[in-house]
Amino acid sequence: MSNDIEVSVRSSNAYSLAMEAIRLMELHGVWPTPLNYEIWLYVAGDPNSALAQEIHRLIGSGEKITEEISESLASKFISRLKLNDEVRDAGLRLTRELASVSEVINEAQKAQKDYNETLEGARSSFDGDSDAQRLRQLVGRLTDATSQILSQHAHFEVRLSESSREVARLRKHLDQVRLEAMTDALTNLANRKSFDEALERHCDSDEGKNITLAVLDIDHFKRFNDTWGHQTGDQVLRYVASVLSRIGRAPRMAARYGGEEFAMIFPNETIASVERLLNEARQEIASRVLKRRSTNEDLGTITISVGIAERDYGEDSYDLLDRADKALYQSKNGGRNMVTCAASALKAIDAA
C-alpha cells in the first residue's frame, strides 16, 4: 500500500487525494502539519488500512489526535509500511539474482551435454573408420570442442562468482531490512509487531511451560513531555529502554509496545522471579537523577509502573496480555512506581 500512495501522489489522482486528506483533517480538528498530512494521505488512500482503523478507534473513543499521538501512529504504522515494502523489494531482487544463478547452471549443463554428445559421436567414428585423414579431422573437432567447453566453463565461473557475491550481498541486505522492520527506531528494542508475533508464537508452541509477561509504563510521561519537550522525552525513553534491554537479552524479549509503554516476555520463568527482577529494574530507574543534555538541567526522578502475569495452561496471548494490562492499571491506581502481579485466571475461576 505504501507504494500505491507514492504512485498516487505523482499521478492525476494527486489533487483529489490531497483534498480528501485535508478534508478529513479539518473534519476531525487535526492541524495540517507535514507529519499529519502524510498520515492522513495514507488514511485517504486506504480507508480500510490498519492505520485508518486505529485512527477511527481513537476518534470513536473521544481521543483528540495530538502531535504525540500522530508521532506514535507514524512510528507504528507508516515506518512499518515503508519497511515492509523494502523487505518485499529486497526479496524480489534476491529472487531475480537466484534465477540468474539457476540460468547460468542450466547453460553450463547444456554446454556439458553438447560436449558429451560430441565425444560420443567421435567415439562412434573411431569405432567404424580408421582412415588417417578421418582421424585427423576427428581429432581437430575434439580439440575445438574441448577448447570451446573450457572457454564456456571459464565464462560460467566468472558469472557464478559474480552472482554468488551479489546473492550474499542481497541476503545480508534482506536480513538487515527485516531486522529494521522488527525494531523500534528510537529505542532499538523490538517493536510491537515483533513482540506480538513472539508472544503468539510462545503461547502456541509452549503449552504447559512457564511464560511470564510484563507490561511497563513510564509514570506521568505526558506531563514530562509537555514540560520538557519531545526531544528530552525521547532521551527518557532511551534511558528506560537501555535498562530493559540489559535485562531482556535472549531468550527473554524486551519491546517498545507504543508511546511510553514497554513489554517483556520471560520464557520458562516464574512470576516470583520476574517480580524480583523488575522491582530491581524499577528501583534502578528511580534512583537515577536525569539531566537534560542540551542545558544540563535536572529533570528529576523517572519512575515506572509494572504489571505482570504468568500464563495459565492453554491461555492464549490475548488473555495473557489483558491480565498483565489490568495488573499495570492496578499499579497506576495504587500510586505508581510499583510492580503488581496478576492473579491466575484459573484460580480466579476456581474461587468463583
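This is a predicted model: local features need pLDDT of at least 70, side-chain atom pairs count only at pLDDT 80 or more; totals for chains, interfaces and linings use all residues.
Reader: Buried means under 20% relative accessible area, exposed over 50%, and partly exposed in between (1.4 Å probe, protein chains only). Does Thr340 count as buried or exposed?

Author: Residues are numbered from 1 along each chain as its sequence is written, and side-chain values use heavy atoms, with hydrogens and water left out. The relative accessibility of Thr340 is 12%. That is under 20%, so Thr340 counts as buried.

Reader: In which strand does Thr340 lie, and which residues does Thr340 touch?

Author: Strand β7 covers residues 339-341 and holds Thr340. Helices (H or I, at least four residues) and strands (E, at least two) are DSSP runs, numbered from the N terminus. A contact means heavy atoms within 4.5 Å. Leaving out residues up to four places away in sequence, Thr340 touches Val306, Gly307, Ile308, Ala327, Gln330 and Ser331.

Reader: How many helices and strands does the protein have?

Author: The chain has 352 residues, and 39% of them count as buried. Its secondary structure comes to twelve helices and seven strands.

Reader: How many disulfides does a search of the whole structure find?

Author: A disulfide is a pair of cysteine sulfur atoms within 2.5 Å. Cys203 is buried, at 4% relative accessible area. Cys341 is at 29%, so it counts as partly exposed. The search of the whole structure finds zero.

Reader: How much space lies in the largest pocket?

Author: On a 1 Å grid over the protein atoms alone, a pocket is an open set of points where a 1.4 Å probe fits, with protein on both sides within 12 Å along at least five of seven lines; lining residues have an atom within 4 Å of a point. Grid points are joined across faces, edges and corners, and a volume is the space filled by probe spheres set on the points. For the largest pocket, that space is about 1200 Å³.

Reader: Which residues lie closest to the centre of the largest pocket?

Author: The lining has 30 residues. The largest share, seven residues, comes from α5. Closest to the centre are Glu54, Arg57, Leu58, Gly258 and Glu261.

Reader: How many residues of that lining are charged?

Author: Asp, Glu, Lys and Arg count as charged; Ala, Val, Leu, Ile, Met, Phe, Trp, Tyr, Cys and Pro as nonpolar; the others, Gly among them, as polar. The lining has eight nonpolar and five polar residues. The charged residues number 17.

Reader: What separates the C-alpha atoms of Ala286 and Thr303?

Author: Ala286 lies in helix α10, residues 271-287. Thr303 is one of the residues that Ala286 touches. The two are 17 residues apart along the chain, and their C-alpha atoms are separated by 5.1 Å.

Reader: Which residues does a cis peptide bond join?

Author: Most peptide bonds are trans. Pro251 sits in the loop between α9 (230-247) and β2. Omega is about 10° for the cis bond, which joins Ala250 and Pro251.

Reader: What is the phi of His220?

Author: Most residues other than glycine have a negative phi. His220 is in the loop between β1 (211-218) and α8 (221-228). Its phi is positive, at about 55°.

Reader: What is the mean pLDDT of the protein?

Author: Of the residues, 62% reach 70 or more. Over residues 348-352 the pLDDT stays under 50. The mean is 76.

Methods
pLDDT is the predictor's confidence in each residue, from 0 to 100.
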